[in-house]
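Hi everyone, thanks for coming along. Let me put the structure up on the screen, and then I'll walk you through a few places in it.

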Amino acid sequence: MSDTKQDVLDMLRELAELTTLDEGGAPSFRVRAYENASQAIASQATDLGRLSRKDLQKISGIGKSTADKILELVDTGRVQKLEVLREKYPRQLRTLLRIQGLGPKAVLRLRAELGVAGIEDLRRALTLKQLRGLKGFGEKSEEKLGQALTRLEEQGPLERSPLSVALPHAERVLAELRAVPGVSSAAHCGSLRRFQETVGDIDLLIAARAAGPVMEALVSLNLVERVLARGDTKTSVVTKRGIQVDVRVVVPEQLGAAMIYFTGSKSHNIKLRQRALARGWTLNEYALTDSASGKVVASESEAEIYEALGLVFVPPVLREDTGEIEAAAVRELPRPMGPLSGDFHVHTSVSGDGRSPLEEMVSAARERGYGVLTITDHAEGTLSGVDRATLLEQRARIRALQNELGGSLRLLHGVELNIGPSGELDYDLEFRRSFDWCVASVHSHFELDAAAQTARVVQAMRDPSVRMIGHLTARMIGGRPPIPLDLNEVFQVARATGTVLEVNGALPRLDCSVDVLRQAREQGVHFMLTSDAHHTRELALVEFAALNAERAWVDPSRVPNTWPAEQLSAWVMAPKASHATQV
Ligand code: DGT
Ligand code: CA
Ligand code: CA
Ligand code: ZN
C-alpha cells in the first residue's frame with residue numbers, strides 16, 4: 001500500500017474518532033462519511049496522490065468535504081480540522097474511551113465537571129468517590145467503571161502500543177528510510193520483532209556506511225512530531241500517533257551483532273553474553289570478539305554468531321529466555337509451523353463486512369499453494385450475517401467452482417456461527433450439519449461472568465456441527481479484555497468432543513493468545529491457524545497466527561493445517577466424533 005494511501009486512512013480514522021468525541025454521542029452522518037470514505041479508499045488500487053478533487057469525488061463513498069481534506073493532506077501534509085480536534089481532545093483524554101462503558105458523552109462530562117483529563121485523574125476521582133454525585137453516574141456505575149479500569153490496566157501499561165498499530169507504523173518509517181541513498185538494509189527489532197502483542201516503542205536498525213543522511217531523513221519525516229534525542233548514529237523521535245521510534249545506524253559488517261543486541265530480549269542477550277564469556281569471548285552490539293587477541297569471531301549475520309556460540313539459530317519470537325537457549329544448545333528448538341496447506345476461516349463478499357468475491361478468494365488461495373480452502377461467511381446471528389437461501393446459493397457456486405478447478409484445491413463450504421449468551425447457535429442442527437465445517441465464535445455479551453462464558457462456549461463445542469471455536473476469548477489487544485473462561489474446562493471439552501481451537505491471525509485479535517496457547521499446548525487440543533480474511537490480501541494474516549503459535553512453543557503436530565494437504569483433507573472430512581479423545 002502506498003504511503004499516501006496509508007496517511008489518508010490514518011487521517012480518516014482519527015477524524016472519525018475525534019468527531020465522535022466532539023459530537024458527544026452516537027456516530028453521526030459525518031462520522032459515517034469518514035468511515036465510508038476509508039472503506040472506499042482501502043479498496044482503491046490507484047495512488048491517491050495523483051487524483052484531482054473531481055477524480056476523488058468520483059470514487060463512490062467520498063463526498064466533497066472528505067475530498068477536500070484528502071487534498072489538503074496530500075498537498076500540505078496536515079489537515080486543519082484534525083489539528084483543531086487534536087488540540088481540543090489530547091491523547092490522554094482519548095485514552096479514557098478505551099474503558100468499557102465510558103462513551104464520549106461521559107468522558108466530556110467528567111472533564112467538564114471534575115477536570116478529569118486522563119486515566120490518572122479518573123482513578124483519583126474514583127478513589128474520592130466523586131462520580132456518584134454526578135448527573136448520569138451513580139454508586140453502581142462508579143463501581144463498574146472502577147472494575148473496567150482495573151481490567152484495562154491489567155492488560156499492561158496503557159502507553160504501550162498494540163502490535164496492530166505498531167507493525168504497520170514501523171513498516172512506513174522503514175519504507176521511508178530504505179529510500180535514503182546508501183542504506184543497504186532496514187529492519188525492525190526489539191519487542192516488535194519478537195512479536196510481543198504490545199510494544200513500548202519501535203526499534204529500527206539501519207545498515208549504511210554513513211549515518212548522517214539517515215538521521216537527517218528521519219527527523220524531517222512528515223509523520224514525526226518531535227525529536228527526543230539526536231546523536232550521530234542514534235536518534236529517537238515521537239510520531240504524530242504518539243509512538244516513540246528509536247533508530248540506530250550501523251555499518252553492514254556489524255549488522256548481525258546489532259540485530260541480536262536490539263532484538264533482545266534483555267535476558268536472552270545476557271545468556272548469550274555468558275556463553276561468549278565462557279569461551280573467552282565478548283559479545284556486544286558490534287561483534288563477537290576474542291578477548292585475548294581482539295579478533296572478531298563473528299559480526300555480520302545473526303546466524304554466524306549463534307553458530308559460533310554453539311547454538312542453532314533462534315527465531316526472534318522465541319528470544320524470551322524461557323528455555324530457548326538451552327534447547328538451541330542441544331538442537332531441540334520447537335519446530336516452526338512451516339508452509340500451511342489450508343485456511344479454515346475466510347469471508348467473501350457474501351458477508352456484510354467481506355470485500356472480495358468468492359472467485360478472487362479462491363484464486364488467491366491457489367496462489368498460496370493451499371490444498372484446502374474453507375469459506376466461512378457470517379451466519380444470520382451476526383450483524384454482517386446472511387440467511388439460509390444465500391448460503392445455499394453460495395454452496396452451489398462453490399460446488400460448481402470445484403468442478404472447474406479439479407482436484408488440486410479442495411473447496412469446503414463452511415459458515416461462521418454466532419454463539420449466543422447461553423450457547424445457542426444459528427439456524428437448526430440439520431442445516432448446520434449440512435456444512436462441511438462450522439466455526440462458532442463469540443461476538444457479543446462480553447460482560448457475562450466466567451461460569452456463564454464457559455458454559456456458552458462448552459455448549460457450542462458439544463454441538464455436533466461445530467468443528468472449531470473462533471477467537472476463543474474475543475479480546476482486542478489494547479482494547480477489549482478477554483472474556484473470563486475456565487480454560488481447563490474448555491480444553492477438556494475441546495479434546496473430548498474433537499473441537500479445534502482457532503489461532504486467529506488478525507493482528508488486533510491474535511486469539512488464542514500466546515498465554516492461552518501455552519496453557520493449552522500440553523492438553524491434547526488441536527489448533528487451526530487462520531486468517532479470518534475479509535479481503536484477498538488478508539489471507540497472508542495466517543502467517544501472524546503461525547508466529548503467535550511458534551511464540552507459544554506449540555508443536556506443529558497439534559496443528560492440522562501444517563500437515564500435508566492429503567492428511568489435512570482426510571482429517572477434516574472424517575466425522576468430528578472420530579477426533580474425540582477420552583480423558
Ligand atoms: P519494549 O520496547 O518495552 O516493548 O521492549 P524491548 O525489548 O523492545 O526493549 P527496548 O526498546 O528497551 O530495547 C530494545 C532492545 O535493545 C532490547 O530488547 C535489548 C536491547 N537493550 C536495550 N537496552 C539494553 C540494556 O541496557 N542492556 C542490554 N543487554 N540490552 C539492551
Ligand atoms: Ca522497544
Ligand atoms: Ca527502544
Ligand atoms: Zn470471521
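Let's begin with domains, whose bounds here come from an automatic or database domain assignment. The protein is divided into domain 1 (3–89), domain 2 (93–153), domain 3 (161–250), domain 4 (255–329) and domain 5 (342–579). Between domain 2 and domain 3, the C-alpha centres are 35 Å apart.

Some housekeeping before we zoom in. What you see is a predicted model, where local features need pLDDT of at least 70 and side-chain atom pairs count only at pLDDT 80 or more, while totals for chains, interfaces and linings use all residues. Residues are numbered from 1 along each chain as its sequence is written, chains are lettered from A and ligands numbered from 1 in the order in which they are written, and side-chain values use heavy atoms, with hydrogens and water left out.

Now, the calcium ions. Which residues are the protein donors of the calcium ion (ligand 2)? They are Asp201 and Asp203, each through OD, at 2.1 to 2.2 Å. Donors here are N, O and S atoms within 2.8 Å of the metal, or 3.2 Å for Na, K and Ca, and since water is not among the atoms, sites may look incomplete.

On to the aromatic rings. Rings of Phe, Tyr and Trp (its six-membered ring) pair if their centres lie within 6.5 Å; planes under 30 degrees apart count as stacked, over 60 as edge-to-face and the rest as tilted. That rule gives seven aromatic pairs. In one of them, Tyr261 and Phe262 have ring centres 4.8 Å apart and planes at 75 degrees, so this pair is edge-to-face. Tyr261 is partly exposed at 35%, whereas Phe262 is buried at 19%.

Phe344 and Trp437 make a tilted pair, 4.8 Å centre to centre with 55 degrees between the planes. Phe344 is in strand β11 (residues 342–346) and Trp437 in strand β14 (residues 437–441), so this pair links parts of the chain 93 residues apart. Helices (H or I, at least four residues) and strands (E, at least two) are DSSP runs, numbered from the N terminus.

Next, have a look at helix α17 (residues 358–367), where Leu358, Met361, Val362, Ala364 and Ala365 are buried. Why do they line one face of the helix? Seen down the axis, they fall within an arc of 165 degrees, so they line one face; the arc is that of the directions from the helix axis to the C-beta atoms. These buried residues pack against β11, β12 (372–378), α18 (388–405) and β13 (410–418), where contact means heavy atoms within 4.5 Å. Just after α17, Gly369 takes a positive phi of about 80 degrees.

Last stop: His378, in strand β12. His378 is buried, at 4%. Leaving out residues up to four places away in sequence, His378 touches several others, including His347, Asp353, His443 and His534.

How values were computed:
Buried < 20%, exposed > 50% of the residue type's maximum accessible area, 1.4 Å probe, protein only.
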